[in-house]
Amino acid sequence: MSAPSLSKLVVFGVGLIGGSFALALRQAGAVREVIGIGRDPSNLETARRSGIADRTYSSQDKWQRELADADLVLAAVPVGQMRGVFAQIAPHLGAHSVITDAGSTKQDVIAAARATLGSAFARYVPAHPIAGTEHSGAAAAFDTLFEGRSVLLTPVTETAAQAIALVEACWVACGARVARLDAARHDQLFAAVSHLPHALAFGLVGALAGRPDRDEYFRHAASGFRDFTRLASSHPEMWRDIFVANRTALRAELVAYGAELERIGRLLDQDDGGAALAAYLAAARDARVAWLRAHAGDDAV
């Protein structure tokens, strides 16, 4: 696949994902000019200083003229803000501008794009980079974030082939592996492997923080607690929006996980010296080891 040659990239949400996307394309020599748009002036200043963006605008500024000649527009904002971004950009898009997003849920974002983008909807390519850290903002961005990571595209029947090819080429230029997936299946899968783990991490920290003797618990917490709860350091607004957008699938996974905890409780009650519990733990360990071997180096959230 030939590398893209973008004259102008416009990024809404110049944080970890949007900023890293811009930096990776710059490193690959695939973009000439990057425009950053966001809500936080200090974050935008960081984006300029760190070389992510050539020009930045706050959401209250007159940024609309930048869209007319944009080759690609990336919405890298929390999924709850996608509809508003799409509605704002729709009247100002160039006739050939391609639009994509980096949201962690897809059915809701596709529905928002379909409702707001008008004729430009055919040039919209829904995407989800399976990469990240628990950090946020432009200061957290780096140009190798997507190297060796997966990016899922979830186009619909209306999506133009040329738009898909451009977005795929951009992610490949970032070093990512690109695949395609049905949007509904995407949301079902990620409710289990991404959204549930984040909910559990936030939930455990919240449960302990709500205890009257929480200071004693936190004082004795060590590496196991730190590793399990790392995801609870993630951006609250972003994860609120993801949980709400995918609430049906996430609730189903919470119920299934609760049933698994009850299963462990029953194993604790068995009068077999812990043999059944040991077998359960060994099977889970083996499944994780096999996953790690199959995805060596892939520690994305």
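A residue is called buried when its relative accessible area is under 20%, exposed when over 50%, and partly exposed in between (1.4 Å probe, protein chains only). By this criterion, buried residues account for 43% of the 301 residues in the protein. The structure is a predicted model, in which local features need pLDDT of at least 70, side-chain atom pairs count only at pLDDT 80 or more, and totals for chains, interfaces and linings use all residues. Residues are numbered from 1 along each chain as its sequence is written, and side-chain values use heavy atoms, with hydrogens and water left out.

The secondary structure comprises 11 helices and nine strands (DSSP runs numbered from the N terminus: helices, H or I, of at least four residues; strands, E, of at least two). The radius of gyration, taken over C-alpha atoms, is 21 Å, close to the 19 Å that the globule rule gives for 301 residues, so the protein is as compact as a globular protein of that length. The globule rule is 2.2 Å times the number of residues to the power 0.38. The C-alpha trace spans about 70 × 40 × 35 Å along its principal axes.

Helix α1 (residues 16-27) and helix α5 (residues 161-173) have axes that come within 8 Å and cross at roughly 80 degrees; axes are lines fitted to C-alpha atoms over the stretch in contact, with angles from 0 to 180 degrees between N-to-C directions. The two helices are therefore roughly perpendicular to each other (65 to 115 degrees). In α1, F21, A24 and L25 meet C170, W171 and A173 of α5, contact meaning heavy atoms within 4.5 Å.

Conventions:
Angles under 35 degrees count as roughly parallel, over 145 as roughly antiparallel, 65 to 115 as roughly perpendicular and the rest as oblique.
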